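Hi everyone, thanks for making time this morning. Let me put the sequence and the model up on the screen, and then we can walk through a few spots together.

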Amino acid sequence: GKANHAEIVLVPKNLVVKVPEGVSLQDAASVALGAIAMQGVRRADPKFGEIVAVIGLGLLGQLTVQLLKISGCRVIGCDLKKDRVALAQELGLDWGFVSSEVDLQKEVLHLTEGHGVDAAIITAAAPGDDTIVQLATEITRKKGRVVIVGDVGLGLKRSPLYEKELDVLISTSYGPGRYDEAFEERGVDYPYAYVRWTEKRNFEAILSAIESGQIDVEPLITHRFQFDEAEKAYELIGGNEEAYIGIILEYRKDDSELKAQSSKLKAF
């Protein structure tokens with residue numbers, strides 16, 4: 001209820017971060033989704049040199065791949081759409097597969113010398129579909145980690161969870177502080193020494209990665225619409241006829257008009 005399309009918004013201090021000088025507002029608009037991807041990666045706790053699978057290469061999946069790459073991981077990605085797989089490979093994905101065209105478990109075992117991935121991060125969105133989580137458990141090595149970021153079914157089966165002693169983790173949105181009224185509404189921060197990465201600090205980290213060029217969000221923007229044409233954007237999302245990943249809503253007002261309005265507000 002805070003990220004509103006309005007000229008003026010009132011946002012609690014723990015949900016506000018400064019946009020670095022070298023980052024455009026268009027790129028900065030990815031900060032919330034970037035923080036969701038980052039929290040999923042933090043939950044996976046990747047180590048340098050590990051092999052991590054990303055299941056689902058939509059906007060969250062694309063950002064997750066880039067975050068894993070700058071963490072020093074080799075990344076396997078899969079999606080039902082070829083164009084998403086191709087884009088992820090352009091942005092650093094090591095191995096990409098179209099889910100419907102291969103036996104992913106066999107491919108993963110081949111690439112990992114029969115062990116499975118060290119961690120699997122689910123960024124797909126398929127509510128009620130239990131097979132995605134099952135696939136993640138099947139391609140993950142013994143004592144590996146499965147992190148659920150996307151909205152998928154959670155009908156977990158005992159096998160192979162039990163045999164592999166897997167850790168199944170849920171990632172909560174932007175990070176610590178989410179859904180905590182004291183943090184989000186009243187501005188009560190967590191001690192830096194004890195909670196290093198809150199949702200606000202995840203926001204700052206994503207913007208820093210964009211500023212340094214470690215994260216590239218420009219190729220993820222596939223469509224732009226003027227705000228008064230927003231219905232077309234939603235029709236695109238609901239239609240499944242045209243491929244899309246990131247959609248930007250633009251406002252017609254230029255900086256001079258916004259500055260003029262700002263001056264009027266200061267007068268009051």
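Let's begin with a question: are Tyr-174 and Phe-203 buried or exposed? Both of them are buried. Please keep in mind as we go that this is a predicted model.

Now, aromatic pairs. Searching the whole structure turns up three of them. One of these is Tyr-174 with Phe-203, a tilted pair with 5.4 Å centre to centre and 55° between the planes. Tyr-174 lies in the loop between β6 and α8, while Phe-203 belongs to helix α9, so this pair ties together parts that are 29 residues apart in sequence.

Another pair is Phe-227 with Tyr-251. Here the ring centres are 5.0 Å apart and the planes are at 20°; planes under 30 degrees apart count as stacked, so this pair is stacked. Where do Phe-227 and Tyr-251 lie? Phe-227 is in the loop between β7 (221-226) and α10 (230-239), and Tyr-251 is in the loop between β8 (246-250) and α11 (255-267), so the pair ties together parts that are 24 residues apart in sequence. As for accessibility, Phe-227 is partly exposed, with a relative accessible area of 34%, and Tyr-251 is also partly exposed, at 45%.

Back to the loop between β6 (167-170) and α8 (181-184), where we also find Ser-173. Ser-173 has a relative accessible area of 16%, and buried means under 20%, so Ser-173 counts as buried. What does Ser-173 touch, once neighbours within four places in sequence are left aside? Its contacts are Ala-35, Ile-36, Gln-39, Arg-178 and Tyr-179.

The charged end of Arg-178 sits over the ring of Tyr-179, at 4.2 Å from the ring centre. If you like that kind of arrangement, here is another: Arg-196 lies over the face of Trp-197, 4.0 Å from the centre of the ring.

Last stop, Val-195, in the loop between α8 and α9 (199-212). Val-195 is partly exposed, at 23% relative accessibility. Not counting residues up to four places away in sequence, Val-195 touches Pro-176, Tyr-190 and Arg-201. How far apart are the C-alpha atoms of Val-195 and Pro-176? They are separated by 7.7 Å, with the two residues 19 apart along the chain.

Technical notes: Residues are numbered from 1 along each chain as its sequence is written. This is a predicted model: local features need pLDDT of at least 70, side-chain atom pairs count only at pLDDT 80 or more; totals for chains, interfaces and linings use all residues. Side-chain values use heavy atoms; hydrogens and water are left out. Helices (H or I, at least four residues) and strands (E, at least two) are DSSP runs, numbered from the N terminus. Buried means under 20% relative accessible area, exposed over 50%, partly exposed in between (1.4 Å probe, protein chains only). Contact means heavy atoms within 4.5 Å. Rings of Phe, Tyr and Trp (its six-membered ring) pair if their centres lie within 6.5 Å; planes under 30 degrees apart count as stacked, over 60 as edge-to-face and the rest as tilted. A charge sits over a ring if NZ of Lys or CZ of Arg is within 6 Å of the ring centre and within 35 degrees of the ring normal.
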